[in-house]
Amino acid sequence: MAERNRVSPRSDIVAIPLRGRFMGNRGCLHRGHSVVRNHSGKRWIICVTDYPARTVPQWGEGHYTVLFFHDEAVALAAGHRPCALCRRERYNDFRAAWRSANGGGLPSADEMDARLHGERLDGSRQRTHRAAWSSLPRGTFVLFDDGPAVVLDDTVVPWSADGYGTPSNRPTGTTTVLTPPSTVAVLAAGYRPDIA
């Protein structure tokens with residue numbers, strides 16, 4: 001039976017059997033094997049699943065809660081960003097795309113985390129925004145037919161607890177976007193997320 005340690009594109013922490021290609025954390029969210037809060041702090045990161053220099057036991061008392069993401073696009077939609085330690089090259093790519101999208105110097109982790117934190121939550125719920133379908137880069141998650149779906153070039157692919165479904169043509173008009181605006185700008189600036 002799956003434990004409640006998977007993250008959906010809606011930013012919910014759920015118990016589904018779908019394996020994660022990435023792990024990460026939002027701080028210490030658990031007591032025993034129960035998740036008791038959505039986050040603890042602003043640092044929401046995406047990590048590799050196997051990093052020998054840093055191992056933390058699942059559900060370890062006083063340690064961060066190990067979370068799993070189906071792929072990087074799901075993690076980005078939920079409001080996370082690449083880890084500066086175990087995914088340094090991808091973190092640097094993300095920062096470079098952030099700078100291209102926003103101007104200025106390379107942002108620090110704290111600067112990105114503060115901005116993402118303001119964009120990811122509306123109280124305790126995921127904050128969404130509206131955008132034109134034509135403006136959305138590859139890897140952006142949207143609400144499509146009342147569920148999350150990822151934009152892939154000219155198609156949109158629904159996501160569920162079983163993984164990705166059958167692609168549909170990208171519609172016209174506007175849609176509700178799950179991926180935070182700063183991350184959408186990073187994707188538009190050329191960051192290419194790992195998509196299962």
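**View 1. The largest nonpolar core of this predicted model has 22 residues**. A nonpolar core is a set of buried Ala, Val, Leu, Ile, Met, Phe, Trp, Tyr and Cys residues joined through side-chain atoms within 4.5 Å. Buried means under 20% relative accessible area, exposed over 50%, partly exposed in between (1.4 Å probe, protein chains only). F94 and Y191 have the most contacts inside the core. At least two core residues come from each of strand 7 (67-69), helix 1 (72-77), helix 2 (88-102), helix 3 (109-120) and helix 4 (181-188). Helix 2 gives the most, with 4 residues. Helices (H or I, at least four residues) and strands (E, at least two) are DSSP runs, numbered from the N terminus. The model is predicted: local features need pLDDT of at least 70, side-chain atom pairs count only at pLDDT 80 or more, and totals for chains, interfaces and linings use all residues. Residues are numbered from 1 along each chain as its sequence is written, and side-chain values use heavy atoms, with hydrogens and water left out.

**View 2. F94 and its contacts**. Beyond its neighbours within four places in sequence, F94 touches L76, R81, P82, M112, T183, V186 and Y191. Contact means heavy atoms within 4.5 Å. F94, W98 and Y191 form one aromatic cluster.

**View 3. W133 and F144 make an edge-to-face pair**. Rings of Phe, Tyr and Trp (its six-membered ring) pair if their centres lie within 6.5 Å; planes under 30 degrees apart count as stacked, over 60 as edge-to-face and the rest as tilted. Here the centres are 6.0 Å apart and the planes stand at 85°. W133 sits in the loop between strand 11 (129-132) and strand 12 (141-144), and F144 in strand 12, so the pair ties together parts 11 residues apart in sequence. W133 is buried at 3% relative accessible area; F144 is buried at 15%.

**View 4. F141 and Y164 are stacked**. Their ring centres are 6.5 Å apart, with planes at 25°. F141 belongs to strand 12 and Y164 to strand 15 (residues 163-164), 23 residues apart. F141 is buried, at 0%. Y164 is partly exposed, at 23%.

**View 5. Two arginines lie over the face of W44**. R26 is at 4.0 Å from the ring centre. R120 is also at 4.0 Å from the ring centre. A charge sits over a ring if NZ of Lys or CZ of Arg is within 6 Å of the ring centre and within 35 degrees of the ring normal.
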